[in-house]
Amino acid sequence: MIFREFDSRSAKPQRLWFLALRRAAWMLLLMAVGVTAGCGGCETKQSTKQTSKEDIKKALDKKEKKPPLEIGPLLSQLGQTEPLGQEDSSEDLERGPRLLVKPGHWTPTVQRMKANYEDFVGRTTVGLYDEPNQPSVLRHTRYTYEATRPVVLAKGRAKRVTGEIFVPEHTTGKRIQATLINRESGSRIGSRSLSLLKMPSYQYFIVVLAKESSQYSFLKVTDTVRAPWEEEFEEVSSPYYRVVLADGTKSLPLSANALAWTSIAYLIWDEVDPTRMSAEQQEALVDWLHWGGRMLVNGPDSLDTLRGSFLEDYLPVDAAGSRSIAASDINSWSRVWSARSEGKPTVVLEPTRPWSGIRLKPREGSRELVGGAGLFYEGDVGRGSVVVSAFQLAEREFINWPGYDSFLNAALLRRPHRQFSEGAYGGPRVAWADYGSQRLDAHLVTGLRLFARDAASTANWQRVETSAANQFGVLDTTSTEKVDRPGGVAAWSEQSPVSLASRASLTEAAAVRVPGARFVLACLGVYLVVLVPLNWIVFRSLNRVEWAWIAAPVIALLGTWTLVRMVQLDIGFVRSQTEIALLELQGDYKRGLLTRYTGLYSSLSTTYEVAYEDPTTVALPFPAEDKNPLKVGDRSSAVVFEKQQATRLRGLTVSSASRRNVHSEQMFSLAGSLRLGTSSRNSKQVENLSGFHLRDVVVVQRRRVDGKLQTMGSWIGDLRNGSSAVLGLTLLDLADGKIPFSTERKQAVRSSFSNHLKLDSLLKLAFQFPGDNDPLQKHRETYRLVAVIDQVLPGSEVSPSASQIQGATVVLAHLKYAPAAEPQPDTNSRSDVIKEKKVN
């Protein structure tokens with residue numbers, strides 16, 4: 001203790017006073033220390049509290065502070081990005097997710113962007129790159145390829161920037177790189193890179209557009225989609241389809257360009273407001289249908305919403321009120337699809353309670369699917385079709401029925417019937433019953449066909465086993481993959497028969513030709529006549545004969561200039577443009593698929609730009625020959641496919657005295673259609689409402705007589721716009737690729753007094769119908785028209801312009817299709833070969 005007790009009575013007064021003073025001093029000292037300590041503590045606490053508030057404020061400010069631009073990853077509209085698996089390399093794992101693409105097809109993409117502080121104007125570029133971070137060179141060309149489009153972002157508003165990217169069937173490219181560039185500064189704001197995940201040739205998309213798309217998730221596990229296959233020492237093949245479940249109440253993942261729909265095989269429509277689609281998307285869907293797409297419509301929830309929409313004219317039925325579907329209503333139908341030619345029949349579908357549905361009133365030309373009961377109807381739309389159901393497509397008892405997968409495969413998707421067998425490890429194997437060697441043939445997976453890409457082409461994927469004796473004399477068996485076309489059916493290809501035939505015509509048409517002797521003598525004769533007698537007569541009549549001597553050198557200069565202008569194309573002193581095109585049409589449809597092959601020649605080094613009016617146009621450099629033009633030390637040049645107010649392919653460099661080609665495709669609108677009609681005397685006739693004059697018109701009919709196919713033909717010749725011609729069909733022999741009516745063609749050339757481009761290679765293909773390589777389509781088409789338009793169709797412009805332009809367009813119109821063959825149930829079922837495991 002500081003203070004101790006004492007006895008005041010025994011202490012002296014001075015001592016008491018001193019002790020009291022000392023006690024007071026100690027108390028003051030302690031109070032001072034306490035006060036000081038207390039104030040300091042308060043200040044420390046207050047300071048700490050203030051510092052803590054400042055730190056929190058700074059942290060919140062830092063958290064709230066956003067980058068000037070938010071740039072999301074580049075995604076496929078259909079497949080999105082795919083996570084990496086264990087089989088991927090460490091380099092791939094570092095790069096992150098992959099972009100799902102189908103080689104040879106234009107992949108629709110979307111990228112989310114947002115400007116946080118001010119408006120942004122720029123452009124986005126997308127290119128294909130090799131591993132060493134070098135742009136990938138297009139096969140057999142000297143060009144790299146880059147796609148660009150404008151980006152305009154309003155402050156504070158997120159935007160989905162859409163586009164298309166192209167990955168060729170044959171490429172060294174490994175990844176896609178997307179870059180955003182500021183228009184004013186030219187600086188690169190951000191760059192995103194994605195590795196590629198390539199779909200196999202036989203795999204396509206099934207797109208589900210539904211208000212409750214999760215109801216259709218069962219499709220992913222069906223045998224129709226998965227195509228199970230087990231084989232010893234063989235990798236498991238990928239599913240036939242990737243199922244895209246799209247929420248019909250949100251932005252629909254569909255491209256506005258029909259040429260970006262080629263990887264979609266089927267579309268399921270369930271309670272979707274058609275006005276949610278833009279006009280461009282609606283037009284693209286209808287284009288897709290005409291070229292072979294198949295659409296399944298859930299009738300009870302969709303027919304009313306489709307009334308008065310852009311799809312109403314293509315529906316096979318009308319709604320005629322509600323109905324209740326009981327077991328007795330579907331008994332006969334389910335028995336058809338429960339039957340099996342091998343194994344035991346599956347269970348007949350017997351609903352435990354009546355299903356709610358609608359009554360379907362079929363329209364003219366529609367057909368009921370096998371089984372009757374008024375449950376499903378289909379109608380043709382060009383090459384494609386639309387199916388409508390009377391009850392819910394996702395009805396639980398329906399999809400859980402053992403016969404459902406057979407009906408889904410053969411009736412709803414219109415594919416060949418199948419046969420199940422037991423795999424090497426006890427699992428199921430399923431293959432086509434009639435096309436065993438074509439199990440992974442894209443022709444049997446999708447109905448889409450584009451003549452310029454698919455004519456006379458195969459698209460199978462199979463394993464080929466070869467055996468050879470090793471050094472010890474023992475046979476070693478090796479298995480290799482044989483892929484006809486990495487992109488499958490409807491893939492863009494520079495090696496397709498149509499592309500090769502067009503290239504041959506371009507090469508011949510653009511060849512350098514020396515003027516003939518007759519042409520030279522004629523020009524010399526005209527020159528001498530003008531120089532001597534005509535010159536003398538003119539000035540003799542003016543009584544100024546001496547002026548004839550002055551005019552002679554002027555006439556000589558003019559004659560030389562005229563002669564050079566007349567032969568300059570032949571001797572290569574100008575820029576020239578040659579175009580071979582193919583216009584494919586479907587029935588009464590007024591839009592066609594126009595494929596252009598354009599050859600550009602220049603006597604001096606020139607950089608060309610090709611502009612296209614239609615925004616759906618896609619274009620690429622087209623190789624002049626099947627070899628690499630780049631030698632060691634040569635540098636590639638970049639071509640840019642630009643989509644702004646106009647679609648352009650720019651940067652196409654052509655060296656002196658050489659030719660470069662461009663391949664483009666677009667949907668081309670006509671004034672009307674080419675259609676098959678009936679004359680006043682009830683005879684078949686063809687009507688031309690296209691807006692163009694056609695020459696060398698031939699209509700070909702295929703029909704079956706006594707079980708054999710016969711080909712009939714009618715020569716029409718010239719068919720002007722607005723006119724019609726009655727068909728006079730005679731038996732044709734198209735063996736060995738012959739062009740029919742060769743005598744009539746030669747006579748037409750002689751009578752026209754004009755030089756036509758030689759199109760024999762392309763015409764031979766136009767008269768070929770699908771064969772055994774395409775079993776589902778080889779018997780469908782019954783009437784076809786083939787003709788020629790002697791001009792370059794409008795819609796493209798080359799800059800700098802050429803002084804010599806020549807071109808021709810082959811017209812191929814599919815006038816009429818026969819109904820598809822009746823669908824057949826599977827020969828057996830999964831349960832016949834896979835036994836249920838007993839649970840102990």
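Visitor: Where do I start? What kind of sheet do the 7 strands form?
Guide: This is a predicted model, to begin with. Those 7 strands make an open sheet with mixed pairing, in the order 12-11-13-14-19-18-17.

Visitor: Which are the edge strands?
Guide: Strand 12 (241-247) and strand 17 (367-368), and each of them pairs on one side only.

Visitor: How many bridges join strand 17 to strand 18?
Guide: There are 2 bridges, and strands 17 and 18 (residues 376-381) run antiparallel. Arg367 stands opposite Glu378 of strand 18.

Visitor: And what does helix 4 lie across?
Guide: Helix 4 (residues 279-290) lies across strand 13 (264-270), strand 14 (294-297), strand 18 and strand 19 (384-389). The helix runs at about 125° to strand 13.

Visitor: Switching topic: how many aromatic pairs does a search of the whole structure find?
Guide: It finds 30. One of them is Trp333 with Phe398: the ring centres are 6.1 Å apart and the planes sit at 40°, so this pair is tilted.

Visitor: Why does that pair tie together parts that are apart in sequence?
Guide: Because Trp333 lies in helix 6 (residues 327-338) while Phe398 lies in helix 7 (residues 396-399), the pair ties together parts 65 residues apart in sequence.

Visitor: Is Trp333 buried or exposed?
Guide: Trp333 is buried, with a relative accessible area of 1%. Phe398 counts as buried too, at 0% relative accessibility.

Visitor: Which residues form one aromatic cluster with Trp333 and Phe398?
Guide: Among them are Tyr216, Phe218, Trp337, Trp355 and Trp401.

Visitor: What about charges over rings: which ring does the charged end of Lys102 sit over?
Guide: The ring of Tyr204, 4.3 Å from its centre. The charged end of Arg784 sits over the ring of Phe769, also 4.3 Å from the ring centre.

Visitor: How do strand 37 and strand 39 pair?
Guide: Strand 37 (residues 781-789) and strand 39 (residues 804-817) pair in the antiparallel sense over 8 bridges. Tyr783 has Lys816 in strand 39 as its bridge partner.

Key. Residues are numbered from 1 along each chain as its sequence is written. This is a predicted model: local features need pLDDT of at least 70, side-chain atom pairs count only at pLDDT 80 or more; totals for chains, interfaces and linings use all residues. Side-chain values use heavy atoms; hydrogens and water are left out. Two strands pair if DSSP finds at least two bridges between them. Helices (H or I, at least four residues) and strands (E, at least two) are DSSP runs, numbered from the N terminus. Contact means heavy atoms within 4.5 Å. Axes are lines fitted to C-alpha atoms, for helices over the stretch in contact, and angles run from 0 to 180 degrees between N-to-C directions. Rings of Phe, Tyr and Trp (its six-membered ring) pair if their centres lie within 6.5 Å; planes under 30 degrees apart count as stacked, over 60 as edge-to-face and the rest as tilted. Buried means under 20% relative accessible area, exposed over 50%, partly exposed in between (1.4 Å probe, protein chains only). A charge sits over a ring if NZ of Lys or CZ of Arg is within 6 Å of the ring centre and within 35 degrees of the ring normal.
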